[in-house]
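Subject: Structure handover, salt bridges and helix packing

Hello,

Here is the structure for you to look over. My notes on it follow below.

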Amino acid sequence: MNKSGPILVVGREGQVARCLAERAAARGADLVLRGRPDLDLINPASVDAAVAAVRPRAIVNAAAFTAVDKAESEEASAFAVNETGAWLLATAAARIGVPFVHLSTDYVFDGRKPSPYVEDDATAPLGAYGRSKLAGEVAVRAAYPAANILRTAWVYSAGGTNFVRTMLRLAAERPVVRVVDDQTGNPTSALDLADAILTVLEGPKRGGKLYHVAGRGETTWYGFAKAIFDGWARRGRAVPQLEAITTAEYKTAAPRPANSRLDCAKIERELGIRLPDWQTSLEACLDRLAEAGDR
């Protein structure tokens, strides 16, 4: 095992990967990002060559096929990245004996539970994306029992494609924005998630764990949108009228779980990791977006 190498993060263009790079720099940790064409998750030779070239001391799989609706018509592609790609990375990490963190999702659950999900609740994904991510969890555990799997939910940041940026784009385009108010979850800042991932890697070397890690508190997509627009208005920006609708009124190719809430007590109890309240992190994100727009 190379104890002095960098942390290898797979998924170079994703928001979590970019936030990991930012947080690692702030901590003085050496980190490298890899993605296509340097590391192609569906090409075993490419994965092996990239890992051999970097000689990492740890690997984080932040790459995924995340287009939930597109996965319904491109299920094979979703499984290729989310299952086979995850297996290839876990196999590479196991071969060189380094810590491995794999990111998963709330979509492994069907959303029918009336309370937040804990790690050992039964999984029952509703769509192709959730099935592919659950298959990835199983593949990672089979390839590398010492891997740590982190499930998260409703991830956003000041960069990339996410709900916050979509709402602000719609705010500039439409007088009225309609948002679903009967799906509940935990908005999670990618920066906060990045801090949690680095803490897992820097903490006691207890592998083979499954943890839920998400923003503290809960809301609906409508509640999330309202907080975004309220915060944007406080920063002097124009915002649209917001209307609450039901899931039945918003047709999508893939079904969504009505309850995406994750209980994060286990990771707080075992590793002392507790993400901030989602409202606090959202304000910080809006500050960054407003500052970027004012330049």
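In which helix do Arg169 and Glu173 lie, and how many residues apart are they? Both are in helix 6 (residues 163-173), four residues apart, about one turn of the helix. Helices (H or I, at least four residues) and strands (E, at least two) are DSSP runs, numbered from the N terminus.

First, the ground rules. This is a predicted model, where local features need pLDDT of at least 70, side-chain atom pairs count only at pLDDT 80 or more, and totals for chains, interfaces and linings use all residues. Residues are numbered from 1 along each chain as its sequence is written, and side-chain values use heavy atoms, with hydrogens and water left out.

Salt bridges

The structure holds 24 salt bridges. The term stands for a side-chain nitrogen of Lys or Arg within 4 Å of a carboxyl oxygen of Asp or Glu.

Arg169 and Glu173 form one of them, with the closest N and O atoms 3.2 Å apart. Arg169 is partly exposed, at a relative accessible area of 43%. Glu173 counts as exposed, at 51% relative accessibility. The cut-offs: buried is under 20% relative accessible area, exposed is over 50%, and partly exposed is in between (1.4 Å probe, protein chains only).

Asp230 is partly exposed at 32%. Lys226 is partly exposed at 40%.

Arg261 and Glu218 also meet in a salt bridge, at 3.4 Å, N to O. This pair links distant parts of the chain, 43 residues apart. Arg261 sits in the loop between strand 12 (241-245) and helix 9 (265-271). Glu218 sits in the loop between strand 10 (210-212) and strand 11 (219-220). Arg261 counts as buried, at 14% relative accessibility. Glu218 is partly exposed, at 44%.

There is also a network: salt bridges link Arg12, Glu13, Arg18 and Asp38.

Helix packing

Helix 6 and helix 8 have axes that come within 10 Å and cross at roughly 60°. That makes the two helices oblique. Axes are lines fitted to C-alpha atoms, for helices over the stretch in contact, and angles run from 0 to 180 degrees between N-to-C directions. Under 35 degrees is roughly parallel, over 145 roughly antiparallel, 65 to 115 roughly perpendicular, and the rest oblique.

The crossing of helix 6 with helix 8 is right-handed, meaning that the near helix is turned clockwise from the far one by less than a right angle. Helix 6 brings Phe163, Val164, Met167, Leu168 and Ala171 to the contact. Helix 8 brings Trp221, Phe224, Ala225, Ile228, Phe229 and Trp232. Contact means heavy atoms within 4.5 Å. By class, this one has eleven nonpolar, no polar and no charged residues. Ala, Val, Leu, Ile, Met, Phe, Trp, Tyr, Cys and Pro count as nonpolar, Asp, Glu, Lys and Arg as charged, and the others, Gly among them, as polar.

Helix 2 (residues 44-54) and helix 4 (residues 75-96) pack at about 40°, with axes 10 Å apart. They are therefore oblique to each other. Their crossing is right-handed. Pro44, Val47, Asp48 and Val51 of helix 2 meet Leu88, Leu89, Ala92, Arg95 and Ile96 of helix 4. This contact has seven nonpolar, no polar and two charged residues.

Best regards
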